[in-house]
Amino acid sequence: MDKLQIQGGIPLEGDVRISGAKNATLPILAAALLADDPVVIANVPHLQDVTTTIELLGRMGVSVTIDEHMHIEVDASSLRECFAPYDLVKTMRASILVLGPLVAKFGRADVSLPGGCAIGARPVNIHVAGLQAMGADIQIEGGYIRARASRLKGARLVLDTVTVTGTENLMMAATLAEGETVIENAAREPEVVDLAHCLIEMGAKIHGAGTDKITVQGVPRLHGTRYEVLPDRIESGTYLVAGAITRGNVRIKNTRPENLDAVLAKLQEAGAKVGVGDSWVEVDMRGRRPRAVDVRTAPYPAFPTDMQAQFAALNTVAEGVGTIIETIFENRFMHMLEMRRLGAEIRLEGNTAIIHGVERLTAAPVMATDLRASASLVLAGLVAAGRTDVERIYHIDRGYETIEEKLAQLGAQIKRVPN
Ligand code: EPU
């Protein structure tokens, strides 16, 4: 198992290119199951979660080919079985995204229930209830969701909670249902919109993606297309915080600034000079120490839970006291305990973390517990005095493409070493 070794204390300077969004790529790969002919996906990030999804599709008999530019062609016409096994689903919960497409296109799906997760309970009851409302017969048996349907029927779905993959699963299922589906209280995340754009290019009739009411008119079939995935807004935000926490000057390229409003507002509050172009954003701290900021996570367009840990890292070395409130997941504070090992002053009260910024962190070995937690530990390592080893970085490889290379390009002293 590899670890990252980071020598802290260097202000980051320079440009970094943002990869395609993980959380758009995964549903778009699943959406390819709905098409009668191949779907080609471009700007796919090279990540473990993408590899796992390709393996999942491969096990179903779907043909997946990748060219040297990481363009992925998915041809579901060779599908043999509608099965997502536990050994894959337990490593990546997003596997649940094949449920809606399989039932809608092939009339059956046996998808393992994801089970527990490091950041919260993360049930999938809303995915299941939505498909049932569309006429699917669903039994939970032997740890599997066993869904059967002839043709799904459009329905009015009012989601209990705003759920990103739930909205995506139901929107995908609705594309091939008979009649109209209305999804109320839908997630508005840019990745939902990107998936909708891809589905529309495949022939789906979808209105309202990006609002809390999505309307889908079912069509009998979808065709292939070529689609380029949007840039990753969480990777974008993470590199901007890397610039801010190290008091440096970082420009991210190939991004979509309009998807970063809540994050950019917080960086400005922290004292960063933020410059924005068509497809780039620059954060310049001019050598100054960041100011602590208060953050409350909520569904898009509010502040993303996937950026909470990175801003916690920023607060650990900021001037003043910053409060982080996590409202999406019940157990997403594991990084706080690890940051304390670096000398951070953090008090936890339920879903609230109160962080007193300290003058300096000091290096120590720390352990990554989930994807964004590991990113925050790398950020803390970038400013801790001495050498920080971040262990269990397989978490980080799920969502950050070549993080050590991109950070090294900005001047960080970081290397991947076998444990
Ligand atoms: N929820 C339910 N029932 C459901 C579905 C969700 O109660 O059937 C609850 C969850 O327990 C949670 C809340 O709804 O409290 C929101 O969860 P959501 O379903 O939106 O999360 P998700 O779709 O499983 C996606 C991202 C996550 C990101 C969240 C929130 C993907 C593949 N994953 O997860 O990304 O944190 O939305 O924005 O899109 C990450 O990239 O590190 C990551 C965890």
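Helices α8 (residues 233-245) and α9 (residues 261-269) pack at an angle of about 5 degrees, and their axes are 11 Å apart. With the cut-off for roughly parallel set at angles under 35 degrees, α8 and α9 therefore count as roughly parallel to each other. Keep in mind that this is a predicted model.

**Where α8 meets α9**
- On the α8 side, the contact is made by Gly237, Leu240, Val241 and Ala244.
- Their partners in α9 are Val263, Leu264 and Leu267.
- Sorted by class, this contact comes out as 6 nonpolar residues and 1 polar, with no charged ones.

**Where α4 meets α6**
- Helix α4 spans residues 99-106 and helix α6 spans residues 164-175; the two pack at an angle of about 15 degrees, with 7 Å between their axes.
- That angle makes α4 roughly parallel to α6.
- The crossing of α4 past α6 is right-handed.
- From α4, the residues involved are Leu99, Gly100, Pro101 and Ala104, and they meet Asn169, Met172 and Ala173 of α6.

**Around the ligand**
- The ligand has 21 residues surrounding it, and the closest are Asn125, Thr163, Thr165, Asp306 and Ile328.
- Asn125 also puts a polar side-chain atom 2.7 Å from a nitrogen atom of the ligand.
- Arg122 has a side-chain N or O atom 2.9 Å from an oxygen atom of the ligand.
- For Asn23, the distance from a side-chain N or O atom to an oxygen atom of the ligand is 3.1 Å.

**Backbone spots to check**
- As background, most residues other than glycine have a negative phi, and most peptide bonds are trans.
- Tyr300 and Pro301 are joined by a cis peptide bond, with omega at about 10 degrees.
- Pro301 sits in the loop between β18 (295-296) and α10 (308-316).
- Asn43 isn't a glycine, yet its phi is positive, at about 60 degrees.
- You'll find Asn43 in the loop that runs between β3 (39-42) and α2 (48-59).

Note on methods: Residues numbered from 1 in each chain as written. Predicted model: local features only at pLDDT ≥ 70, side-chain atom pairs only at ≥ 80, totals over all residues. Heavy atoms only, no water. Axes fitted to C-alpha atoms, helices over the stretch in contact; angles between N-to-C directions. Helix = DSSP H or I, 4+ residues; strand = E, 2+ residues; numbered from the N terminus. Parallel < 35°, antiparallel > 145°, perpendicular 65-115°, else oblique. Left-handed = near helix turned anticlockwise from the far one by under 90°. Contact = heavy atoms within 4.5 Å. Nonpolar A, V, L, I, M, F, W, Y, C, P; charged D, E, K, R; others polar. Near = heavy atom within 4 Å. Polar contact = N/O pair within 3.5 Å; in protein donor to acceptor, adjacent residues only side chain to side chain.
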